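I opened the model today and kept notes on what I looked up. The entries follow in the order in which I made them.

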Amino acid sequence: MQYMLLIQHGDTPTPRDPEAWARLSDADKQAIVADYQALNQTEGVTPGRYMQEPAMATTVRVKDGQTLTTDGPFVEMKEALGGYLFYEAPDLDAAIELAARIPAARLGGAVEIRPLVEGY
Amino acid sequence: MSLEQSFREHWGRVLAALIGLLGDFELAEEAAQEAFAIAAERWPRDGAPANPAAWLIATARNRAINRIRRDRTLVAKTRLLAAELVPEAAMGADSSDPETEIPDERLELMFTCCHPALSLEAQVALTLRTLGGLSTEEIARAFLIPEPTMAQRLVRAKRKIRTAGVPFRVPAGHLLSDRLAAVTAVIYLVFNRGYSGRVDLAAEAIRLGRALAELMPDEPEVHGLLALMLLHHSRHRARFAGGELVLLSEQDSSLWDAAGIAEGRAVLERSLALRGRGPYVLQAAIASLHASPAGERDWAQIAALYAELARLTGSPVVELNWAIAVGEAEGPAAGLARLEQIPLEDLHYLHAARAEMLRRLGRRSAARRAYDRALELVHEPAERRLLERRRDELTDVAAGR
């Protein structure tokens, strides 16, 4: 099975937010960096690209032919998408275990697992 | 055994085997239905085969293979690629030890149906449909939901299992206790949904509990759950008299099902022998003590078990029951003191328990106020009438003096 893991960082601390990042202990920072590295090296994982923080997002809707552009992510800032990766796994339990290893999941964010449509 | 009983008996087992084989709920269900339809036509005429489950699985399997051969896209997904059709004459007829030939995959099916990636409502519905063999209409009726809504819920759950890759297997060791807790929670929820409607869900839950205990004989909580359900269920005929709720202390114990109590206690023994000390085992132990005639009930022991259960679960409702047991064991003043600390201001049981203790302490007007508060909060009509009776008894006695 092919899964996409959407990492809802929201406003959990990442290096892209230096203020929040600075509030973490050195041990926590090292653990987070090491955990992401380990994830990216896990068999079956295709790492996603780095994204700028949610505050840099622009959301576009079209209503009655009018393009409506708003500042910020589609959802609330604190639950916005912050990263993603792809995972080739035998089943959902394996994907759940990988998701539980993503630091954002324990730092107040969440990880959404989306199975991908095969053959496209 | 009637044909219908026989079908209910075999449905879960047959469907589980087919899902294991085909890897697809819809295909398995269709094939199983076809096989049961063929059996309904043939068995009354030719007699039932020696091993009905094996016959049903083999028949359904053959139907499914034929369908797959017509529909090549499914081939890659099934374990049937190299499978051969079984000659009908051989089906379940002469195998001496058929039980070992067809693996029992109901346990895999239970864990799949109760996977946390499905909503609790979907877990319950799917368990009743696949393992219990209830029809969509029966499940809809039991949960007071329109049938099309329930049908949609089942379709969506099956689609999620297939599309999201929910595994069909018993979880590995480090996942097992969490996942088993989900399975037992679904069964207990079905049990508590209980006695309403035409579908006897309590009996259905006990059937599921029995199957689970048979499949996981070394899990104390599984036996604890079964014991708890058996012990509760054995008192159900005494819980109502002419449509009115009867308090445990006033139940007619001759209406209890003695065989059910004995079986529940034997299952409880088994869970204790396995060193069970989990929430279901503790609740079953409490239920076992409750199933003694009113004068012989060991309230000190019941209170001690509730104390342990409260520590384990941190549940205020358990603390409420603990306080009630303390009130019986040590007197109403001790119970009342414990009751005052429980943060359940909006639960009518708390006020009903307070009222009982105040009544026993002779504080009549305070007791009446507590009954009034409980009556403001209660919804269930039978419970309301019981509370009104208790309150009015108090008024009558007071007025009579």
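**Entry 1: B:Thr130**

I began with B:Thr130, which I found in helix H6 of chain B. I note here that the model is a predicted one. Is B:Thr130 buried or exposed? I counted 26 C-beta neighbours inside 10 Å, and the cut-off for buried is 20 or more, so B:Thr130 counts as buried.

Next I listed the contacts of B:Thr130, leaving aside neighbours within four places in sequence. They are B:Gly12, B:Leu15, B:Leu109 and B:Cys113.

**Entry 2: B:Ser119**

I then went to B:Ser119, in the loop between helix H5 (106-113) and helix H6 (120-130) of chain B. How many other C-beta atoms lie within 10 Å of B:Ser119? I got 13, so B:Ser119 is partly exposed. I also took the C-alpha separation of B:Ser119 and B:Thr163, and it is 15 Å. These two residues are 44 apart along the chain.

**Entry 3: the nonpolar core**

I looked up the largest nonpolar core, which has 119 residues. Which of them touch the most other members? They are B:Val14, B:Leu18 and B:Ile57. Helix H3 (residues 52-70) of chain B gives the largest share of this core, 10 residues. In soluble globular proteins, nonpolar side chains tend to be buried together.

I followed B:Leu18 and set aside its neighbours within four places in sequence. B:Leu18 is then in contact with B:Ala28, B:Ala31, B:Ala32, B:Ile57, B:Ala60, B:Arg61 and B:Ala64.

I checked helix H10 (residues 201-215) of chain B against H11(B). The two pack at an angle of about 150°, with their axes 9 Å apart. That angle makes H10(B) roughly antiparallel to H11(B), and their crossing is left-handed. On the H10(B) side I noted B:Ala202, B:Ala205, B:Ile206, B:Gly209, B:Arg210, B:Leu212 and B:Ala213. They meet B:Val222, B:His223, B:Leu225, B:Leu226, B:Met229, B:Leu230 and B:His233 in H11(B). By class, this contact of H10(B) with H11(B) has 10 nonpolar, three polar and one charged residues.

I then took helix H11 (residues 220-233) of chain B with helix H12 (residues 258-273) of chain B. Their angle is about 160° and their axes are 8 Å apart. H11(B) is therefore roughly antiparallel to H12(B). The crossing of H11(B) and H12(B) is left-handed. Residues of H11(B) in this contact include B:Pro220, B:Gly224 and B:Ala227, and those of H12(B) include B:Ile261, B:Val267 and B:Arg270. I counted eight nonpolar, six polar and two charged residues in the contact of H11(B) with H12(B).

**Entry 4: chain A**

I turned to chain A, which has four helices and six strands. Along the sequence I read the pattern β-α-α-β-β-β-β-α-α-β. Its C-alpha atoms fill a box of roughly 45 × 45 × 20 Å along the principal axes. Of the 120 residues of chain A, 23% count as buried. I looked at contacts in chain A between residues at least 6 apart in sequence, and 70% of these join residues at least 24 apart.

Technical notes:
Residues numbered from 1 in each chain as written. Chains lettered and ligands numbered in written order. Predicted model: local features only at pLDDT ≥ 70, side-chain atom pairs only at ≥ 80, totals over all residues. Axes fitted to C-alpha atoms, helices over the stretch in contact; angles between N-to-C directions. Parallel < 35°, antiparallel > 145°, perpendicular 65-115°, else oblique. Left-handed = near helix turned anticlockwise from the far one by under 90°. Contact = placed C-beta atoms within 7 Å. Nonpolar A, V, L, I, M, F, W, Y, C, P; charged D, E, K, R; others polar. Buried ≥ 20, exposed ≤ 12 C-beta atoms within 10 Å, placed from the backbone. Core = buried A, V, L, I, M, F, W, Y, C linked by C-beta atoms within 7 Å.
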